[in-house]
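Colleague: I would like to learn how to read a model like this one. Can we take it feature by feature?

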Amino acid sequence: MDRREPARSVTRRSVLAAACVAAASATLASCAPRDAAASTEDPSEKRVQYGFWMDSRNCVGCASCVAACRQASGTPEDGEARRKTVAYRFERGGLRFVSLSCMHCAQPACLAACPAGAIGKRADGIVVVDQGRCIGCRYCHEACPFGTPHYTPQGMDKCDCCLGAGVEPGREPYCVQACPADALHFGELEEMRPQAEAAGATGLLEAPTGPSFFLT
């Protein structure tokens, strides 16, 4: 099971501390092919945007979500998991844990940067990878403001909301099912918004790519 990372001092707006590198994706976006997005969309599908809501007030840092992710995706213990838990120490004091994976952004920098057309965004907003087309150039990793993409012998790997593990679109991924503290949620963003904002989320996580992620 993954160990949580050492605590770090951050403000609420910088809790993921990576959006500053997103500007690099703009340059890559101007020259990369975009056919992958079209190849994964079905015009007959309802266009929605699925995403996550992480309520750090409830998270106890048990990493049950990480263990469930590893099991569902077949990630070996010596490999990088698709999900991780991170401990953050806030400026005003207090320690909170945050469970993180791919943000399934509205405008994915990884998709724009991929020269092989291996990354696509489905009509339901889930960003997926065709490992058979991945050439291992790592441009997607450099473009992602959150450093999410990682690599296996099969190609780039990341969260797909458990589609590859047999979970139907819109159903709870295994990480959410495994959370014992009601800290990790998944669903249509607009349906989750009222509850997330009532719990203290001021809006979606801020980044140029439009992460599909509420944080409280």
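Modeller: Start with a charged pair: Glu197 and Arg193 form a side-chain salt bridge, at 3.3 Å from N to O. Remember that this is a predicted model.

Colleague: How many residues apart are Glu197 and Arg193 in helix H7?

Modeller: They are 4 residues apart, about one turn of the helix. Glu197 is partly exposed, at 36% relative accessible area.

Colleague: Which other residue forms a salt bridge with Arg193?

Modeller: Glu190 does, with the closest N and O atoms 2.9 Å apart. Helix H7 spans residues 189-198, and this pair sits 3 residues apart in it, so about one helical turn separates them. Arg193 is partly exposed at 23%. Glu190 is exposed at 54%.

Colleague: What about a pair involving Asp55?

Modeller: Asp55 and Arg57 meet through their side chains, 2.8 Å from N to O. Check each partner separately. Asp55 has 3% relative accessibility; buried means under 20%, so Asp55 counts as buried. Arg57 is partly exposed at 44%.

Colleague: How many salt bridges does a search of the whole structure find?

Modeller: The search finds 6.

Colleague: What does Leu184 touch, not counting residues up to four places away in sequence?

Modeller: Among its contacts are Phe52, Trp53 and Met54. Cys65, Cys175, Val176 and Cys179 are also on the list, as are Arg83 and Ser99.

Colleague: What is the average pLDDT of the protein chain?

Modeller: The average is 83, and 79% of the residues score at least 70. Over residues 1-44 the pLDDT is below 50. That stretch still has 94 contacts in the model beyond near neighbours in sequence.

Technical notes:
Residues numbered from 1 in each chain as written. Predicted model: local features only at pLDDT ≥ 70, side-chain atom pairs only at ≥ 80, totals over all residues. Heavy atoms only, no water. Salt bridge = Lys/Arg side-chain N within 4 Å of Asp/Glu carboxyl O. Buried < 20%, exposed > 50% of the residue type's maximum accessible area, 1.4 Å probe, protein only. Helix = DSSP H or I, 4+ residues; strand = E, 2+ residues; numbered from the N terminus. pLDDT = per-residue confidence, 0-100. Contact = heavy atoms within 4.5 Å.
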